[in-house]
Amino acid sequence: MNQRTYHDPLHRGIGLDRQAPAEGMVMDLVDTTPFQRLRRIRQLGPAYLTFHSAESSRFTHSLGVFHLARRAFERMLPLAPDLEQHRGLLYGAALLHDIGHGPLSHTGEEMFGLRHEQWSARVIRHHPKIRQCLESHQSGTADAVADLLEHGLSPHPLVKHLVSSQLDCDRLDYLLRDSYSTGTRYGQLDLDRILGALTLAPDGEMAIHPKGLMAVEHYLVVRNLMYRSVYNHRLNVVCNWLLEKLILTARQLGPEQVWADEVMASWLWQPNMISLEDFLANDDQRTGYHLQRWQSEAPAPLAELSGRFLDRRLLKATAVEHLPRANQLQLLATARRLADRHGHDPELCCGLRHQQLRGYHPYRGGLRLWDGRQLQALEQASPLVASLATPAATSWLIHPRDISSELREEMDVEWPRSAKVKQP
């Protein structure tokens, strides 16, 4: 088959033509076993327990990133003709940037203690079929793609910017896609205006024409809102904490008490020695099956945690970032005491979770405006963007729902003059 079209709900038809060598490479990569595995990795991890339609996969997202990278490439090519020789590098990196994700995507990284960038590079370097597809296009492409994804190294600055920056094709696609799949309305980006505003600064780096300033401001505000309302939603925080506690408990109980097949045993008890084959053999389905087995036959602590997740018997998350850290720890101790009084194991149902969100990093590959005469940092031209550079911290107290009333009463006694804990 010389032509292929993927019908995408966001980008409509994503067409591939084998007569174009780099697109033929993409077609071959999509058909490999490691890339097809991404169909079994949820894009938003356990967020489907909060947003019931959040069922999209890393497969669909990766195709979307490739599509946007191709559009941006064609936009920049007339401005930088030397970019043509790096077309295969860009297409490969855009398509394979998430090939190293484990079960439940970013949640899996926290659960099992891995970095998907490192595993993406390992898969690209060492999986025979992936490497063959890249090398058949142009010698050296496999290592170049791996170096770009793992270390940010690129022979051309525009390629790196399109793959990994504060305005890259990955972020553009996931904001659109995650907004669509969760049913939220924040991610309505003006893609045409953003891509049309990409330009080349005098130093050869990417810049934005002022005509696209409002579209980029909107993009950065959308990203901030999506993190606050979706990615860092209080129930996502609970699910992530619960799954991390679950894997930690399984590891502590050990293989003598916890059933696991050979693949999961490697992930649990030999995390620094996982083979490429065992890494690629784990996905949402295998991990989910283990949770089902553990719910019915594991020791009580692991069975309880597995059941809480599978049956959506989720814990409560109460915002406590307005309290000093010492008071947060005191409140955690109170929650543990109350949980124990109600017959819960405090170790399995009480914890603190801290996060920090910065909507824009001016000193980490900051964006710039270029109108053909003046080069200006984005935050200098936009007070709105400057305001997003201020970090915002959140802190959540995780606890059983049935102690909520007593916990509030205790707080009124301990801190009668302080602001009450905000109830989500």
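Predicted model: local features only at pLDDT ≥ 70, side-chain atom pairs only at ≥ 80, totals over all residues.
Start by selecting strand S6 and strand S9 (residues 392–399): 7 bridges join the two, and they run antiparallel.

**Colour by pLDDT**

The chain averages a pLDDT of 94, and 98% of the residues score at least 70. Now select residues 417–424, where the pLDDT is below 50. Beyond near neighbours in sequence, that stretch still has 22 contacts in the model.

**Back to the sheet**

Which order do the strands take? Reading across, the order is S5-S9-S6, an open sheet of 3 strands with antiparallel pairing. Strand S5 (316–319) and strand S6 (351–357) stand at the edges, and each has a single partner strand, so one side of each is left without a neighbour in the sheet. On average, neighbouring strands here are turned by 30° against each other, direction ignored.

Arg 353 stands opposite Trp 396 in S9, and His 354 stands opposite Ser 395 in S9. How many bridges join S5 to S9? There are 4, and these strands also run antiparallel. Pick out Thr 318 there, which stands opposite Leu 397 in S9.

**The helix across the sheet**

H18 lies across S6 and S9, running at about 145° to S6.

Now bring in helix H22 (residues 404–414). The axes of H18 and H22 come within 10 Å and cross at roughly 140°, which makes H18 oblique to H22. The crossing of H18 past H22 is right-handed. To see the contact, select Gln 330, Leu 331, Thr 334, Ala 335, Arg 337, Leu 338 and Arg 341 on the H18 side, with Glu 406, Leu 407, Glu 410, Met 411 and Glu 414 on the H22 side. Coloured by residue class, the contact of H18 with H22 shows 5 nonpolar, 2 polar and 5 charged residues.

Is the crossing left-handed or right-handed where H10 passes H12? Turn the view and you will find a left-handed one.

**Last stop: H1 and H7**

Finally, select helix H1 (residues 21–30) and helix H7 (residues 128–137). How do they lie relative to one another? The axes come within 9 Å and cross at roughly 175°; H1 and H7 are therefore roughly antiparallel to each other. Show Pro 21, Ala 22, Met 25, Asp 28 and Leu 29 of H1, then Ile 130, Cys 133, Leu 134 and His 137 of H7, and you have the contact in view. Its residues divide into 7 nonpolar, 1 polar and 1 charged.

How values were computed:
Residues numbered from 1 in each chain as written. Heavy atoms only, no water. pLDDT = per-residue confidence, 0-100. Contact = heavy atoms within 4.5 Å. Left-handed = near helix turned anticlockwise from the far one by under 90°. Pairing = 2+ DSSP bridges. Axes fitted to C-alpha atoms, helices over the stretch in contact; angles between N-to-C directions. Parallel < 35°, antiparallel > 145°, perpendicular 65-115°, else oblique. Nonpolar A, V, L, I, M, F, W, Y, C, P; charged D, E, K, R; others polar.
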